[in-house]
Amino acid sequence: MSDTDSLSRIEDALTQDGYARLSGAAMFDWLDIAEPDWSAFAASWNDLGPDLFMADGGRYRRRRHAAFALERGRFIRKPHQPHYQSRDYNPLNGDVQRWFDPVEAATVANPVCDAIFAFAADHFDPARKGDWHIEMHQFRIEAKPGETGRPTPEGMHRDGVDHVLVMLVERCNVREGVTRIGAPDGTPLGEFTLTTPGDTMLIDDHRILHGVTEIHAVDPAQPAWRDALVVTFVVER
């Protein structure tokens, strides 16, 4: 599926296909992101703590995490809390309360963050009728000498939520990292690579499996990483 660069087509893509792929250029236009704000937002990925909960023993992932409520159209940060997934959705790291460093207050206060949340909410719940539990994840996957970077070590998966936004923030000195999309029964539905800052995917988590292939350094002698933002939405019932 090609980039869905028309706002009117996003809902159609989500309805018909269960996901929509959006180019970074279009996202920056829709979000009305100022370059200094984006630069500060992206720079916050340079200060992520290590993920110490990797059951595969890997030390290739850094992250921060925060939880929010969307109530009557307002985004409200919740007290810091663990991230939890059942093993039904994450066979590698599930059934564990995982505490990560909180997203910095300055990152949340950046206009980019609110614009992304509002954009996602507008397309996941256009009528803004529901209240939502939202989780924000900052990920840096590193490709190091002797250790491959694995963006989704659990493989093709669902997150166990209602909707997911995935946005590429930066790729530095890496190759591969191909996003794969599948049906719940595992049938492949397509693959593509998020390559440009702002490249985004919106997912109906009930209908779509997703995963990202390993990344490798282009120049093994230099640092290599893939930075991504993941925002999940769960309707408060």
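Predicted model: local features only at pLDDT ≥ 70, side-chain atom pairs only at ≥ 80, totals over all residues.
Q: How are two aromatic rings described as a pair?
A: Two values are used: the distance of the centres and the angle of the planes.

Q: How many aromatic pairs does the count come to here?
A: The count comes to nine aromatic pairs. One of them joins Tyr19 and Phe192, with 6.4 Å centre to centre and 15° between the planes. That pair is stacked.

Q: Which parts of the chain does this pair link?
A: Distant ones. Tyr19 belongs to strand E1 (residues 19-22), and Phe192 belongs to strand E9 (residues 188-192). The two are 173 residues apart.

Q: Are Tyr19 and Phe192 buried or exposed?
A: Tyr19 is buried, and Phe192 is buried too.

Q: Why is the pair of Trp38 and Phe41 called tilted?
A: Stacked needs planes under 30 degrees apart and edge-to-face needs over 60, and the rest count as tilted. The planes of Trp38 and Phe41 stand at 45°, so this pair is tilted. The ring centres are 5.9 Å apart.

Q: Where do Trp38 and Phe41 lie?
A: Both are in helix H3 (residues 35-43). They are three residues apart, about one turn of the helix. Trp38 is buried, as is Phe41.

Q: What do nonpolar side chains tend to do in soluble globular proteins?
A: They tend to be buried together.

Q: Which residues touch the most other members of the largest nonpolar core?
A: Phe41 and Leu229 do, in a core of 36 residues. Helix H5 (residues 111-124) gives the largest share of this core, nine residues.

Q: What is Leu229 in contact with, leaving aside neighbours within four places in sequence?
A: Leu229 is in contact with Phe41, Trp45, Ile116, Met136, His137, Leu165, Val166, Met167 and Val169.

Q: Which residues does the second, separate core include?
A: Tyr19, Val166, Met201 and Val230 are included in this core of 13 residues.

Q: Now the helices. Why do H3 and H5 count as roughly perpendicular?
A: Angles of 65 to 115 degrees count as roughly perpendicular. The axes of H3 and H5 cross at roughly 90° and come within 8 Å. H3 and H5 are therefore roughly perpendicular to each other.

Q: Which residues make the contact between H3 and H5?
A: From H3 come Asp37, Trp38 and Phe41. From H5 come Pro111, Val112, Cys113 and Ile116.

Q: At what angle do H2 and H5 pack?
A: The angle is about 100°, and the axes are 10 Å apart. H2 is thus roughly perpendicular to H5. Met27, Trp30 and Leu31 of H2 meet Ala115, Ile116 and Phe119 of H5.

Q: Where is Thr107 found, and what does Thr107 touch?
A: Thr107 is in helix H4. Not counting residues up to four places away in sequence, Thr107 touches Phe41, Ser44, Cys113, Met136 and Gln138.

Q: Why does Thr107 count as buried?
A: Buried means under 20% relative accessible area. Thr107 has 6%, so Thr107 is buried.

Q: Next, backbone angles. What is phi of Asp32?
A: Phi of Asp32 is near 55°, a positive value in a residue other than glycine. Asp32 sits in the loop between helix H2 (24-31) and H3. With a relative accessible area of 69%, Asp32 is exposed.

Q: What is phi of Glu176?
A: Phi of Glu176 is positive, about 65°, although Glu176 is not a glycine. Glu176 is in strand E7 (residues 174-176). At 35% relative accessibility, Glu176 counts as partly exposed.

Q: Last, where does Val96 lie?
A: Val96 is in the loop between strand E4 (74-77) and helix H4 (105-109). Its relative accessibility is 33%, so Val96 counts as partly exposed. Val96 and Val231 are 135 residues apart in sequence and, C-alpha to C-alpha, 20 Å apart in space.

Conventions. Residues numbered from 1 in each chain as written. Heavy atoms only, no water. Helix = DSSP H or I, 4+ residues; strand = E, 2+ residues; numbered from the N terminus. Buried < 20%, exposed > 50% of the residue type's maximum accessible area, 1.4 Å probe, protein only. Phe/Tyr/Trp six-rings, centres within 6.5 Å; stacked < 30°, edge-to-face > 60°. Core = buried A, V, L, I, M, F, W, Y, C linked by side-chain atoms within 4.5 Å. Contact = heavy atoms within 4.5 Å. Axes fitted to C-alpha atoms, helices over the stretch in contact; angles between N-to-C directions. Parallel < 35°, antiparallel > 145°, perpendicular 65-115°, else oblique.
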